[in-house]
Amino acid sequence: MTSVVGHYIHGATLAPQSGKIIDIINPATAQVCGKVEMASSQTVQQAIDSATKAYPAWRATPPAKRAQIMFRFKMLLEQHSDEICRLLSLEHGKVLHDAKGELQRGIENVEFACGMPQLLKGEHSKDVGPGIDAWCEFQPLGVVAGITPFNFPAMVPLWMWPSAIMCGNTFVLKPSEKNPSSAMLLAALASEAGLPPGVLNVVNGDKAAVDRLIEDQTIQAISFVGSTPVAEAIYSKASQYGKRCQALGGAKNHAIVMPDADLDNVVNALMGAAYGSCGERCMAISVVVAVGDDIANSLKDKLVGQIGALKVGPGSDNSNDMGPLISEPHFTTVKNFIASGVEQGAELVCDGRTLSVEGHENGYFLGATLFDHVQPHMEIYQKEIFGPVLVMVRVPDMAKAVELINAHEYGNGTCLFTRDGEAARFFIDQVQVGMVGVNVPLPVPVSYHSFGGWKRSLFGDLHAYGPDSVRFYTRRKAVTQRWPSANLREGSQFSFPSN
Ligand code: NAD
């Protein structure tokens with residue numbers, strides 16, 4: 001019998017209550033591989049109550065003690081890496097080697113959180129006035145919540161809760177209902193590492209659970225990662241409820257290829273960045289902007305050659321390059337995008353719809369797809385497809401390429417391929433995008449630099465993880481202190497205090 005994933009509340013698994021149960025689908029086979037309960041309002045309340053109860057003692061726990069738990073948690077993640085990656089591959093579809101990469105980037109965030117006492121030290125100024133000292137300290141917010149997408153079921157939760165709890169908050173996580181099991185396993189490992197009950201709680205659910213979290217008066221802040229329409233809705237609703245919110249959304253990441261670039265390197269880089277994880281990464285390159293027709297023609301030939309050699313199949317076979325898309329509806333959406341590209345007059349160079357994976361004919365497999373001669377008004381250029389579809393736009397020069405990127409609604413990641421330092425400096429300075437690579441196709445910042453896009457790729461001010469996470473998960477208190485000497489009494493002063 002298929003087990004039903006419940007919730008993780010107060011340091012233990014909470015078996016499903018009376019909520020709606022939905023299937024978890026293995027996208028490589030289209031078979032049900034598990035089930036998960038959608039939390040009722042009462043279950044969400046239980047998680048919030050648990051986090052509220054745990055907060056005072058956790059807030060008072062010295063940061064170095066919190067860090068000791070985090071160190072043990074990191075070791076447990078490494079010890080359980082195979083198990084976590086198997087779950088990621090089963091419920092998401094990504095190939096095991098890609099799952100390993102995801103987990104490793106998540107572990108980096110735990111390592112960063114281990115060092116957080118250093119960032120919580122505050123700011124101190126002695127003698128700001130006669131006998132007066134002043135400082136700012138970073139105090140936790142209280143109970144905070146995180147809502148995460150399907151495409152990085154382990155890494156994105158690890159962007160959030162390790163930093164949040166290291167700052168002294170307690171946490172309620174709502175992972176994607178499409179692949180909830182790895183977040184549950186991570187919570188159990190955190191308990192095994194010594195995290196007190198209630199500091200981290202996981203509720204599985206859908207929009208109803210998210211709404212409940214946002215509307216709750218106890219919850220102080222919301223971190224969200226997902227698609228732009230949902231990010232925008234959550235940001236405005238959280239603001240309406242007086243909450244601090246960071247909501248990271250979708251993307252359309254362009255790579256510019258200059259005439260002087262090393263084309264073999266570029267094509268290798270583009271293949272991984274466009275088709276790795278079946279294009280279901282918010283930093284995936286989905287538009288290649290070729291500067292000049294010669295470059296475009298050569299790129300096209302080389303990409304076609306490599307697409308022919310791409311190995312697509314189930315994520316459990318580590319020799320594959322790319323697994324399936326996440327779900328049947330998403331599979332249909334991506335195929336509809338390809339049809340729209342053809343209808344709107346783009347040149348379909350490689351059509352992934354013709355792919356069939358032997359033994360996995362029902363899986364949501366789509367081959368690598370390449371369009372050329374794509375125009376900015378086309379839907380396949382404007383919209384985030386979130387699949388293995390790379391579109392090529394031809395421009396005459398670098399200025400036009402940057403203009404094109406800057407006119408796009410998204411501004412998550414971008415990359416320039418060149419050997420020209422002057423062009424690179426211009427690009428870095430002028431491009432309206434939050435994360436920029438030069439000859440680095442997926443410029444995902446390491447854990448000690450924060451992650452975030454510009455424009456409609458992020459709603460809010462502070463980016464995810466890294467130094468920004470300390471700012472997001474704490475509020476500053478400015479203290480001014482004097483201990484007057486008993487023999488030095490001051491009279492009342494009616495002018496505004498100054499030094
Ligand atoms: P999604 O927006 O459908 O779902 C994200 C989360 O929100 C899930 O937990 C889901 O249950 C919940 N949710 C969905 N609809 C909701 C609603 N109407 N109200 C409240 N909650 C709702 O996103 P997804 O399909 O899981 O993930 C893919 C998207 O996430 C892509 O657009 C991708 O670009 C984006 N993404 C962005 C980043 C980033 O850092 N900018 C990182 C990863 C993924």
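Entry 1, salt bridges. I found Asp-293, Lys-300, Glu-347, Asp-372 and Arg-394 linked in a network of salt bridges. I took a salt bridge to be a side-chain nitrogen of Lys or Arg within 4 Å of a carboxyl oxygen of Asp or Glu. The model is predicted, so local features need pLDDT of at least 70 and side-chain atom pairs count only at pLDDT 80 or more, while totals for chains, interfaces and linings use all residues. Residues are numbered from 1 along each chain as its sequence is written, and side-chain values use heavy atoms, with hydrogens and water left out.

Arg-394 lies in strand 17 (residues 389–395) and Asp-293 in helix 10 (residues 293–309), so the pair ties together parts that are 101 residues apart in sequence. Helices (H or I, at least four residues) and strands (E, at least two) are DSSP runs, numbered from the N terminus.

I then checked burial, where buried means under 20% relative accessible area, exposed over 50%, and partly exposed in between (1.4 Å probe, protein chains only). Arg-394 counts as buried at 19%, and Asp-293 is partly exposed at 46%.

How many salt bridges does a search of the whole structure find? I noted 26. One of them joins the side chains of Lys-174 and Glu-177 at 3.5 Å, N to O. Lys-174 is buried, with a relative accessible area of 3%, while Glu-177 is partly exposed at 23%. I also noted Arg-212 and Asp-216, which meet in a salt bridge at 3.5 Å, N to O. Here Arg-212 is buried at 17%, and Asp-216 counts as buried at 8%.

Entry 3, cavities. I used a 1 Å grid over the protein atoms alone, a cavity being a set of points where a 1.4 Å probe fits but cannot get out; lining residues have an atom within 4 Å of a point. Grid points are joined across faces, edges and corners, and a volume is the space filled by probe spheres set on the points. The count came to three cavities of 30 Å³ or more. The largest cavity holds about 90 Å³ of space. Its lining has 13 residues, and the closest to its centre are Gly-279, Ala-284, Ser-286, Glu-384 and Phe-386. I sorted the lining into six nonpolar, four polar and three charged residues. For this, Ala, Val, Leu, Ile, Met, Phe, Trp, Tyr, Cys and Pro count as nonpolar, Asp, Glu, Lys and Arg as charged, and the others, Gly among them, as polar.

Rings of Phe, Tyr and Trp (its six-membered ring) pair if their centres lie within 6.5 Å; planes under 30 degrees apart count as stacked, over 60 as edge-to-face and the rest as tilted. I counted eight aromatic pairs. Phe-451 and Tyr-465 form a tilted pair, 6.0 Å centre to centre with 45° between the planes. The two residues are 14 residues apart, Phe-451 in the loop between strand 20 (435–438) and strand 21 (454–455), Tyr-465 in the loop between strand 22 (458–459) and helix 15 (466–472). Phe-451 counts as buried at 2%, and Tyr-465 counts as buried at 3%. Ring pairs link Trp-159, Phe-451 and Tyr-465 into a cluster.

How values were computed
On a 1 Å grid over the protein atoms alone, a cavity is a set of points where a 1.4 Å probe fits but cannot get out, and a pocket is an open set with protein on both sides within 12 Å along at least five of seven lines; lining residues have an atom within 4 Å of a point.
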